[in-house]
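Here is a short briefing to read alongside the model. Please keep the viewer open as you go.

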Amino acid sequence: MPTDQKNDETCMNTLIEKVKTALWFARRPSFWAHMVALTRRQFDGSAVHETKAPEAKAWASERAVPIADALRAVGALGAEDSLPAKLPAKLISDGEARAAKAAVTMGGPGDLDLIYQAILATGAQRMVETGVAYGWSSMAALAALEQTGGKLVSVDMPYPKAGNEADVGIVVPDEWRGRWMLIREPDRNGIRKALAQFGGEIDLAHFDSDKSYVGRMFAFPLLWRALRSGGMFISDDIQDNFGFRDFCAQIGVDFAITESDGKFVGICRKP
């Protein structure tokens, strides 16, 4: 096939996919604000933040410590306190069996022990998370909230055109779903609705959704304002850009960083 013809086909396929994406969003009015925000990013220069990922990863790597040290650094554990037990291995193996039944491939688990241990260490009862996919972090959180008597509200936007709606949260055991609410909207609408379920005040926030710099700088302040004094904030994949670093500098709080499978998680607590 001539090069020009290949290029024409590539351009046509790209155009078709863009039209399909636009139609996907068009059928979901509650997603329109998110679509506008995504479109704006293509022209406002904010994408430059994502080019700094190598520097952000190096910065995070230099500061990463084990979970126990991270929780002590932010005051969630005392110097003599023991780290709570890890997430039971059987929960993970059972979750893997449920995930294997999913029709759509989604993201893998993050640092499940950190989420589980952070809830137990702080006694958190009111938690909001963004980003669910298979529901690994949801499962870890609910395993701990079952012990603290708490509740989880999660925000998750389906992958455009992927048809993954039925598989979101698939690893969460049925017996824990009474403590769990899933809001299937983008962060722009979903976070506010999630916080409203707790009257605007929460004990712990876990961010794992729109991890662009702009996405973080939109969502982080909303979640931070809702945290009670002493509440904990956790953000996955801080190596993608300097959003976590810059946000902590803006609000003037100390932070800690842990590492899991080559990715980095940021933690801080509200004074």
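Axes are lines fitted to C-alpha atoms, for helices over the stretch in contact, and angles run from 0 to 180 degrees between N-to-C directions. Helices (H or I, at least four residues) and strands (E, at least two) are DSSP runs, numbered from the N terminus. This is a predicted model, where local features need pLDDT of at least 70, side-chain atom pairs count only at pLDDT 80 or more, and totals for chains, interfaces and linings use all residues. Residues are numbered from 1 along each chain as its sequence is written, and side-chain values use heavy atoms, with hydrogens and water left out.

**Helix pair H9 and H10**
- Helix H9 (residues 213-226) packs against helix H10 (residues 243-251) at about 40°, and their axes are 10 Å apart.

**Ser-138**
- Ser-138 sits in helix H7 (residues 136-148) and counts as buried at 0% relative accessibility (buried means under 20% relative accessible area, exposed over 50%, partly exposed in between, with a 1.4 Å probe and protein chains only).
- Beyond its neighbours within four places in sequence, Ser-138 is in contact (heavy atoms within 4.5 Å) with Glu-129, Val-132, Leu-152, Ser-154, Val-172 and Trp-180.

**Thr-258**
- Thr-258 belongs to strand S6 (residues 256-260), and at 1% relative accessibility Thr-258 counts as buried.
- Setting aside neighbours within four places in sequence, the contacts of Thr-258 include Ala-64, Asp-111 and Phe-264.
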